[in-house]
Amino acid sequence: MSNELDQVRDVRPDVPLPTSNARDAAREQLRMAVAREVNAAPRSSAPVASGRTRHRQRRQLGAVLTAATSVAVVVGVGAIVMLSHPRGHQSTGVGHAAEVRGAILDQSGGALAVTRPAVNVLINPARLPGSVQLRADVYGRLAHILGTSTKVTTCPIPGHATQRLANIRCIVAQSQVRHGTAAVTVAVGVSPGARRQIVQSRQLPGVATKRVKERAYPHGDLAAQVIGTVGSIPSNPDPGASAQVSIGQTGLESEYNRFLRAGDNLRTSLNQRLQQAGQRALQEAIDNNPPANGGAFVALNPDNGEVYAMGSLPTFDANIVTKPISAAAYHQLTNPASNFPLINRAIQSAGPTGSTFKPITETAALESGAWNVNDIFDDTGQFCVSGQCRHNSGHAVDGALNLVDALRVSSDDFFYNLGARTNADPTTHPNGGALQRWAHSFGIGEPTGIDLGGEASGNLPSPRWRARVDQLELDCEHGTGPYNGHPRHRSCGIADGRPWSIGDNISLAVGQGDVQVTPLQLAVAYSAIANGGKIVRPHLGLDIENSSGTVLQRIDPPSTRRININPVYLDTIGQGLHDAAQTPGGTSDDVFGNFPETVYGKAGTAQYNGQQDYSWYACFVPATATSKPIAVVVTVEQGGFGAVAASPVAREILSQWFFGNPGKYVAGNSTTL
Amino acid sequence: VIAWGRELLAGLRTIACADTKSVFGRERSDAAIIGDSLGRPEAFEAIFDRHFDAVQRYLARRAGTSRADDLASATFAVAFERRRGFRAAASSARPWLFGIATNLLRNELRTEQRSLSAIGRVASEAGRGDADAAMLEPPDLPALLAVLDADQRDVLLLYAWEGLSYREIAVALGVPVGTIRSRLARARVRLRAELGGRRDAARTDRQEVTE
């Protein structure tokens with residue numbers, strides 16, 4: 001007989017083994033914690049030794065760790081920690097949270113996240129007066145002191161009928177459902193005057209004040225998803241019984257929590273002004289292109305992966321999230337109508353990239369011999385294969401084109417042709433042909449390894465991928481495989497069941513269809529074109545410093561790998577990208593033509609079923625053209641054509657970077673994909 | 001040269017100790033490795049090697065793969081920092097690690113992170129997220145488990161999904177074995193009521209809001 005335990009066992013999800021990527025990232029985290037402790041010598045558990053012996057011990061530990069690090073690099077794990085040898089650094093004691101959480105700083109030491117003292121107000125429900133009337137009096141007096149509203153409003157309580165309660169009573173009621181009679185914080189960061197009134201009042205039984213350290217983000221919504229937020233975990237497994245310690249929850253706060261909680265500061269590569277310019281320009285692009293409703297940008301050093309700016313809109317004020325949050329604010333942050341401000345679209349939102357994908361296709365075609373540098377294609381306005389024809393956007397007829405021309409005018413027919421020529425027989429090449437091989441080597445379909453959690457892998461379509469989703473669809477429809485025991489469905493919408501076709505490859509060649517790429521992945525791919533084939537590992541952390549600014553550790557992740565692209569091919573691709581951005585007839589020449597730096601850039605327009613097109617722009621100014629190389633990728637969700645919505649944002653970012661001001665908002669009008 | 005040789009020997013000894021096998025070729029216990037790691041922090045990586053997959057999969061079953069990666073990573077970082085509190089009497093570190101993972105998970109669900117998983121679901125419904133992962137989750141699971149309070153749910157899933165014994169769950173959650181027994185019993189009663197359709201009975205014992 002099946003009892004309830006068996007039924008619970010039956011619904012145990014069948015999860016795969018963790019990916020090697022996840023394992024490596026976790027191992028890296030652990031190694032950083034280990035390195036932090038080793039670096040904080042002398043250790044308390046070590047026997048008292050003479051200065052000389054202690055020095056030697058430290059060197060031994062350093063040797064062992066360096067050996068481990070080298071091994072890790074050799075086997076491709078890529079350890080992130082480079083140990084410097086901090087002398088004379090007195091640790092506050094590792095393994096224990098410091099009293100003040102370390103700050104997160106921008107490139108030049110400006111504060112992005114700080115900890116400051118504050119006073120919170122708590123209510124202990126068990127100590128409130130017994131009678132409803134007396135309790136109401138306490139709430140009323142407290143609301144008066146705090147200046148909060150006593151008007152009753154809708155108060156949703158999980159698992160109960162919605163009630164109508166005033167603000168403070170609502171917070172207490174919501175807490176009681178979850179945490180019983182545990183004390184509940186009803187106000188944070190109250191003024192010294194309010195604190196004094198509460199402390200001195202004899203008419204507020206059950207109300208207390210508490211001095212705390214408050215996490216604050218001086219710039220509110222600036223890079224909010226990147227910087228992240230902190231929350232609390234019980235330091236003892238028995239919840240509610242013990243003191244709370246602050247722990248990073250998302251973003252850099254989470255990634256570098258070990259160091260921050262020990263009181264050390266994290267200096268990042270973020271450039272505050274660039275970040276501001278990017279967010280402002282992206283917001284402008286969204287406002288100018290209805291129904292655009294979100295977007296992302298990333299700007300990084302194409303030679304070493306240092307991220308100068310990374311933004312995602314809509315965004316949120318991180319100061320709201322670190323405090324006990326009102327139901328309304330929580331709803332605002334999580335309501336689908338708000339379009340998910342907590343998500344970092346630059347690394348978590350993957351989708352087709354439109355024509356910004358074309359340089360990857362070009363590399364694959366050239367390197368595989370499917371196309372030669374000087375070959376000419378006659379673009380008649382349509383491209384047909386197996387009886388199916390596709391057209392350029394707006395049925396443009398571009399005539400005789402070589403590779404450089406094809407990028408400049410963004411001829412889809414030209415690249416449909418390359419997609420057809422690089423398609424491989426799915427029975428003999430289940431992982432696809434040259435296009436998949438090269439896209440993969442550019443990093444498409446895999447996380448970049450940036451020092452932020454939750455990065456999306458995206459998707460690189462191949463015959464094997466299609467077979468897998470088709471099988472999943474069948475299993476879902478029939479209640480078999482992973483769906484064993486589930487009801488049958490007529491359709492699950494996972495895949496349409498057809499096998500891999502040449503059409504799939506043609507779509508991939510122009511960045512449409514099932515390919516999914518994050519803005520950061522595209523930035524890494526363009527960086528490789530800019531730097532001659534190095535796949536950089538993007539990163540935000542520069543170093544760990546103590547409170548007086550002494551560097552304790554440098555964070556200098558190695559490039560993940562180098563790909564070999566014939567320099568002649570790179571030149572050809574570069575020429576095409578430059579012509580697209582800065583010669584007459586180029587699709588974004590009306591945006592960048594008069595820009596005083598040498599820009600290599602490509603617009604893209606990604607098509608979605610049932611939504612307005614997504615606008616993309618990817619560009620760089622390489623080290624051969626400037627002493628301040630930079631790569632920038634921008635996407636505007638439902639922004640329409642790439643040259644129209646995304647490219648003006650990229651221009652303002654470049655302008656801020658090179659000239660210290662964002663300049664004008666210059667929109668293009670190319671209607672290519 | 002002598003000093004150099006001594007240093008080399010000491011280095012070699014340090015590396016030899018990092019081996020998870022004892023000199024007799026037997027597997028060293030987790031407790032022994034954690035003991036070592038107090039003096040040599042880098043030894044702790046052996047604990048990671050032994051248990052990371054199990055911890056990550058436990059978290060994946062409860063929070064989905066993408067969140068599980070972060071949480072599993074955090075679990076080992078927290079475990080490393082708290083390793084002084086590991087009780088040597090428990091030879092395996094797994095229950096202890098599951099306990100830390102469970103706490104992190106709870107915190108995750110309690111805070112704004114809940115919205116992220118909601119985002120994941122919505123995003124994949126829109127065809128832009130990881131559709132596979134979202135579809136794999138059996139649809140009736142949340143409903144079935146939602147009737148339990150968090151304490152009961154933790155015990156039930158550690159027992160039924162992860163196969164931990166009462167004693168191991170007690171270690172994981174830091175409460176007496178008797179409490180584990182009673183929590184599991186209450187969880188089963190609640191579930192039986194839900195599954196048997198006696199929803200009214202279950203509803204009446206739901207805690208009333210005092211206001």
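Q: Is A:C619 buried or exposed?
A: This is a predicted model. Burial here means a relative accessible area under 20%. The value for A:C619 is 0%, so A:C619 counts as buried.

Q: How many disulfides are there over all chains?
A: A disulfide needs two cysteine sulfur atoms within 2.5 Å. A:C384 and A:C389 are joined in this way. A:C476 and A:C492 are joined too. Over all chains the count comes to two.

Q: What is the hand of the link of A:C384 and A:C389?
A: The sulfur atoms of A:C384 and A:C389 lie 1.9 Å apart. About the S-S bond the angle is 105°. That link is right-handed.

Q: Is A:C389 buried, partly exposed or exposed?
A: Partly exposed lies between the buried limit of 20% and the exposed limit of 50%. For A:C389 the value is 39%. A:C389 is therefore partly exposed.

Q: What is the hand of the link of A:C476 and A:C492?
A: Here the S to S distance is 2.0 Å. The angle about the S-S bond is -90°. The link of A:C476 and A:C492 is left-handed.

Q: How many residues apart are A:C476 and A:C492?
A: A:C476 sits in helix α18 (residues 463-478) of chain A. A:C492 sits in the loop between α18 and α19 (502-509) of chain A. The pair links distant parts of the chain, and the two are 16 residues apart.

Q: Is A:C492 buried or exposed?
A: The limit for buried is under 20% relative accessible area. A:C476 has 3% and is buried. A:C492 has 17%. So A:C492 is buried.

Q: Why is α3(B) called oblique to α4(B)?
A: Helix α3 (residues 45-63) of chain B and helix α4 (residues 65-81) of chain B pack with their axes 8 Å apart. Roughly antiparallel would need an angle over 145 degrees, and roughly perpendicular runs from 65 to 115. The angle between the two helices is about 140°. That makes α3(B) oblique to α4(B).

Q: Which hand has the crossing of α3(B) and α4(B)?
A: Both helices supply residues to the contact. Among them are B:F48, B:F52 and B:L59 of α3(B) and B:L71, B:A72 and B:F76 of α4(B). The crossing is right-handed.

Q: How many nonpolar residues has the contact of α3(B) with α4(B)?
A: Residues of the contact include B:I47 and B:V55 on α3(B) and B:R67 and B:D69 on α4(B). By class, five are polar and two are charged. The nonpolar residues number eleven.

How values were computed. Residues are numbered from 1 along each chain as its sequence is written. Chains are lettered from A and ligands numbered from 1 in the order in which they are written. This is a predicted model: local features need pLDDT of at least 70, side-chain atom pairs count only at pLDDT 80 or more; totals for chains, interfaces and linings use all residues. Side-chain values use heavy atoms; hydrogens and water are left out. Axes are lines fitted to C-alpha atoms, for helices over the stretch in contact, and angles run from 0 to 180 degrees between N-to-C directions. Helices (H or I, at least four residues) and strands (E, at least two) are DSSP runs, numbered from the N terminus. Angles under 35 degrees count as roughly parallel, over 145 as roughly antiparallel, 65 to 115 as roughly perpendicular and the rest as oblique. A crossing is left-handed if the near helix is turned anticlockwise from the far one by less than a right angle, and right-handed if clockwise. Contact means heavy atoms within 4.5 Å. Ala, Val, Leu, Ile, Met, Phe, Trp, Tyr, Cys and Pro count as nonpolar, Asp, Glu, Lys and Arg as charged, and the others, Gly among them, as polar. Buried means under 20% relative accessible area, exposed over 50%, partly exposed in between (1.4 Å probe, protein chains only).
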